[in-house]
Amino acid sequence: MKTLTDEKLTIVGAAGMIGSNMAQTAIMMGLTSNICLYDPYAPGLEGVAEELFHCGFEGVNITFTSDIKEALTGAKYIVNSGGAARKAGMTREDLLKGNAAIAEEFGKNVKAYCPDVKHIVVIFNPADITGLITLLYSGLKPSQVTTLAALDSTRLRSELAKHFGVSMDVVENCRTYGGHGEQMAVYASTAKVEGKPLADMIGTDALTKDQWAEIQTKVTKGGANIIALRGRSSFQSPSYVSIEMIAAAMGGKPFRWPAGAYVSNGKFDHIMMAWETSITKDGVALKEVKGTPEEEAALEKSYEHLCALRDEVIAMGVLPPISEWHALNPNIK
Ligand SMILES: NC(=O)c1ccc[n+]([C@@H]2O[C@H](COP(=O)([O-])OP(=O)(O)OC[C@H]3O[C@@H](n4cnc5c(N)ncnc54)[C@H](O)[C@@H]3O)[C@@H](O)[C@H]2O)c1
């Protein structure tokens with residue numbers, strides 16, 4: 001099979017649910033002939049590799065290792081879901097602390113072992129923050145690091161299709177921007193249903209204001225709903241969509257959803273958040289985000305929430321103060 005590239009793709013967190021599904025998806029989508037799986041949990045990792053061997057794929061060299069140096073050396077693309085998911089009894093701060101420290105170490109390892117990596121997609125939560133930490137410690141350019149923030153937009157599409165009883169194919173251009181937590185900005189003004197602007201339907205019998213508010217809540221709590229239904233956090237959709245992101249960075253099909261990217265434009269500064277972007281072989285480029293005054297206010301609120309999270313990580317000592325970021329990574333202005 002002709003793959004998009006023969007360069008090395010490393011999947012970090014490959015023994016986990018998202019990582020193992022990403023490996024299988026990447027092979028099935030023909031991304032590369034060279035996949036390396038990494039996870040500190042060696043038995044689980046070997047199990048994943050064995051399963052992939054047993055699929056009988058052709059034209060792909062699958063390697064696995066619990067040695068991070070070996071995993072990252074020569075890697076040109078990385079997708080990283082290697083971190084804890086929130087469990088019962090764990091506070092958000094616990095998760096933030098643990099995963100922030102993992103992101104710091106990962107960023108430093110990238111700098112040490114694969115400074116020539118072309119693109120990294122960060123998935124582990126809180127992805128807006130772990131992505132930002134990775135960017136700062138890796139020394140990469142902002143165009144080289146993205147985070148998975150698209151599921152909120154795909155969930156909006158699904159909720160609207162369910163509400164109107166139509167195929168998801170006729171629900172177009174669903175967008176959420178800002179944080180990937182529950183404080184995100186769910187836009188109406190970009191979307192169309194069967195060719196009709198969604199915004200024109202809100203407040204009519206077709207979609208009352210209350211129903212729209214309910215849909216927005218379902219979108220922001222979409223991840224929690226999967227946990228309630230399945231007893232564990234989502235893994236099929238994050239795996240698939242992240243692999244679509246790295247495929248776009250390899251020169252594959254354009255990525256169709258917002259991506260988490262580094263934004264510093266005078267209005268929103270020193271932050272990683274869901275934005276309108278394009279991902280190509282040259283990395284991620286920011287586009288314009290336009291909304292109604294109400295939507296823009298929601299985006300500002302989401303941004304403020306992200307700033308508070310970022311400042312918490314600065315207070316923990318994982319990130320230095322913003323004034324020192326340029327010294328840590330000269331690509332950050
Ligand atoms: N961004 C999103 O939209 C999104 C969606 C769903 C889940 N997530 C997040 O993705 C992460 C992974 O989820 P999962 O369901 O695959 O969890 P999982 O527990 O099944 O797998 C996580 C894997 O990470 C490994 N790991 C632990 N420490 C590591 C380290 N220091 N370096 C590398 N790997 C390490 C573990 O051994 C495990 O195999 C979680 O943080 C979850 O919250 C993000």
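Buried means under 20% relative accessible area, exposed over 50%, and partly exposed in between (1.4 Å probe, protein chains only). This is a predicted model: local features need pLDDT of at least 70, side-chain atom pairs count only at pLDDT 80 or more, and totals for chains, interfaces and linings use all residues. Residues are numbered from 1 along each chain as its sequence is written, and side-chain values use heavy atoms, with hydrogens and water left out.

**Exercise 1.** Classify both partners of the Asp 311 and Arg 310 salt bridge.

Solution.
- Step 1: the criterion is a side-chain nitrogen of Lys or Arg within 4 Å of a carboxyl oxygen of Asp or Glu.
- Step 2: the closest N and O atoms of this pair are 3.1 Å apart.
- Step 3: Arg 310 has a relative accessible area of 7%, so Arg 310 is buried.
- Step 4: Asp 311 has 36%, so Asp 311 counts as partly exposed.

**Exercise 2.** Locate the salt bridge of Glu 159 with Lys 162.

Solution.
- Step 1: the closest N and O atoms lie 3.2 Å apart.
- Step 2: both residues sit in helix H6 (residues 151-164), 3 residues apart, so about one helical turn separates them. Helices are DSSP runs of H or I with at least four residues, numbered from the N terminus.
- Step 3: Glu 159 is buried at 13%, whereas Lys 162 is exposed at 57%.

**Exercise 3.** Examine the salt bridge between Glu 276 and Arg 175.

Solution.
- Step 1: their closest N and O atoms are 2.9 Å apart.
- Step 2: the pair links distant parts of the chain, 101 residues apart.
- Step 3: Glu 276 and Arg 175 are both buried.

Note on methods: Helix = DSSP H or I, 4+ residues; strand = E, 2+ residues; numbered from the N terminus.
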